[in-house]
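Have the sequence and the model open side by side.

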Amino acid sequence: MSVGVLLMTHEAVGKALISAAHHVMPKLPLRVDAVEVPAQADPDVMRALTVHHARDLDQGDGVLVLADLYGATPCNIGLSLGSLGVRLRCVSGLNLPMLLRVLNYAEQPLDELAQIAASGGRGGIFIDHA
């Protein structure tokens with residue numbers, strides 16, 4: 001089983017998270033790519049570009065889209081890929097703990113990975129006890 005992971009983010013976020021993940025795990029167990037949407041980008045142009053990335057990542061088990069902000073253009077583009085024939089699940093609120101948790105459970109199917117992503121993202125948030 002090999003789900004592809006597509007980070008849908010604003011500029012400079014997705015590639016930085018992939019770089020940080022490589023720092024923790026030099027060999028990533030899943031195929032991971034990022035599409036960073038520039039502020040003035042045409043959503044239709046970005047959607048056409050993104051669907052190619054998603055199809056390339058999908059090796060038959062689907063694509064987990066991890067978006068930085070629900071309702072923002074990168075997330076909306078990611079969500080729209082389903083109507084273009086990409087089998088996907090989308091989880092928003094992307095952070096490094098979310099990505100690392102997904103990579104640590106690489107053998108899980110798409111639906112389970114979506115739940116793992118959400119749990120990992122929430123679980124990586126702590127408030128100090130000052």
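Is Asp111 buried, partly exposed or exposed? Asp111 has a relative accessible area of 46%, so it is partly exposed. Here buried means under 20% relative accessible area, exposed means over 50%, and partly exposed lies in between, with a 1.4 Å probe and protein chains only.

Some ground rules come next. This is a predicted model, in which local features need pLDDT of at least 70 and side-chain atom pairs count only at pLDDT 80 or more, while totals for chains, interfaces and linings use all residues. Residues are numbered from 1 along each chain as its sequence is written, and side-chain values use heavy atoms, leaving out hydrogens and water.

The structure holds three salt bridges. A salt bridge is a side-chain nitrogen of Lys or Arg within 4 Å of a carboxyl oxygen of Asp or Glu. In one of them, Arg89 pairs with Asp111, and their closest N and O atoms are 3.1 Å apart. Arg89 sits in strand β4 (residues 88-92) and Asp111 in helix α5 (residues 110-123), so the bridge ties together parts that are 22 residues apart in sequence. Helices (H or I, at least four residues) and strands (E, at least two) are DSSP runs, numbered from the N terminus. Arg89 is partly exposed, at 31%.

Asp56 and Arg31 also meet in a salt bridge, at 3.1 Å from N to O. Asp56 belongs to helix α2 and Arg31 to the loop between α1 and β2, so this pair ties together parts 25 residues apart in sequence. Asp56 is partly exposed at 49% relative accessibility. Arg31 is partly exposed at 31%.

Arg47 bridges to Asp44, with the closest N and O atoms 2.7 Å apart. The two are three residues apart in helix α2, so about one helical turn separates them. Arg47 is partly exposed at 22%. Asp44 is exposed at 53%. Arg47 has another partner: its side chain makes a polar contact of 2.8 Å with that of Ser80. A polar contact is a pair of N or O atoms within 3.5 Å; within protein, one must be able to donate a hydrogen and the other to accept it, and residues adjacent in sequence count only if both atoms are side-chain atoms. Ser80 is in helix α3. Ser80 is buried, at 16% relative accessible area.

Now look at α2 itself. Its buried residues are Met46, Thr50, Val51, Ala54 and Leu57. The arc is taken from the directions from the helix axis to the C-beta atoms. The cover over these residues includes β1 (4-10), β2 (32-37), β3 and α3. On the face turned away are the exposed residues Asp44, Val45 and His52. At the start of α2, a side-chain oxygen of Asp42 comes within 2.8 Å of the backbone nitrogen of Asp44.

Helix α1 (residues 14-24) buries Gly14, Leu17, Ile18 and Ala21. These fall within an arc of 100°, so they too line one face. They pack against β1, β2 and α4 (96-104). Lys15 and His23 are exposed on the face turned away.

Asp68 is buried yet has no salt bridge; Lys15, the nearest side chain of opposite charge, is 12 Å away. A polar contact of 2.8 Å does join the side chains of Asp68 and His10.

How values were computed
Lys and Arg count as positive and Asp and Glu as negative; His and the chain ends are not counted. Contact means heavy atoms within 4.5 Å.
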